[in-house]
Amino acid sequence: MRKLTYFIACSIDGFIGDESGDASFMYPFVDEEFFDFLKTEYPETMSTDGRRALGLDDLENQKFDTVIQGRASYDVGLREGMTSPYAHMREYVASRTLKESPDPHVEIVAEDVAAKVRALKAEESGLGIYLCGGSVLAGELLDEVDELVIKTYPVVIGTGMPMFGSGFAVEEFTLDDVRVFKNGVVVRTYSRKR
Ligand SMILES: NC(=O)c1ccc[n+]([C@@H]2O[C@H](COP(=O)([O-])OP(=O)(O)OC[C@H]3O[C@@H](n4cnc5c(N)ncnc54)[C@H](OP(=O)(O)O)[C@@H]3O)[C@@H](O)[C@H]2O)c1
């Protein structure tokens, strides 16, 4: 079985964006050292357009070959004309309202997203599945999450969009790795205690 990994950026107090989900206040922390880490270890988590603009289209996928995101997260790129934001992976978008995919490379998952994720996990592959967010989809898929990679930016914002839009539940994870960057960004990797 391969893993579903929620790879997500958040504030110290655990929010992935302001109340609307806007995470642009985090961008200034992507400095040279942190960008180098992303480019080396998680190049596939950068959008296809972003990679192209930086001349990085050729970077090989390191951790993931499949991505799933909620329709609201997909909309962020769609509004900028990106119909296939992660063309270098297989792309799934969870939505009950999108009747037709805006792009032949993007498959819409309208029913039983958890079952779809379990089927993807059962596939033979050396690379995993990137749960891109947002909060609502992560909350719905919490039971399926095997790994968390949390990029914590050194800011407190008081209120905002939570990492998981789900109800109260105590779910245990084991800390596997911590990376600290000079600008105060911390990346923690946790695996699910099953
Ligand atoms: N900080 C970060 O690293 C990060 C990463 C990703 C996203 N974000 C932010 O997160 C925000 C969006 O998050 P969000 O929580 O509002 O929304 P979301 O989880 O991205 O998308 C929610 C939508 O996904 C669909 N969906 C969710 N569960 C489903 C299910 N079980 N079956 C079928 N469809 C399902 C529904 O679409 P329909 O309404 O079409 O049915 C739902 O409205 C964006 O602003 C984005 O910028 C931040």
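How do the residues of the shell around the ligand divide into nonpolar, polar and charged? They comprise 14 nonpolar, 11 polar and three charged residues, with Ala, Val, Leu, Ile, Met, Phe, Trp, Tyr, Cys and Pro counted as nonpolar, Asp, Glu, Lys and Arg as charged, and the others, Gly among them, as polar.

This is a predicted model, in which local features need pLDDT of at least 70, side-chain atom pairs count only at pLDDT 80 or more, and totals for chains, interfaces and linings use all residues. Residues are numbered from 1 along each chain as its sequence is written.

The ligand is surrounded by 28 residues, the closest being G21, G70, A72, G133 and G134; a residue is near if its C-beta atom, placed from the backbone, lies within 6 Å. Helices (H or I, at least four residues) and strands (E, at least two) are DSSP runs, numbered from the N terminus.

The protein chain has five helices and 10 strands. Eight strands form an open sheet with mixed pairing, in the order β5-β4-β3-β6-β1-β7-β10-β9; two strands pair if DSSP finds at least two bridges between them. At the edges, β5 (106-109) and β9 (173-180) each pair on one side only. Strands β7 (residues 147-153) and β10 (residues 186-192) run antiparallel and are joined by six bridges. K151 has V187 in β10 as its bridge partner.

The C-alpha trace of the protein chain spans about 45 × 45 × 35 Å along its principal axes.
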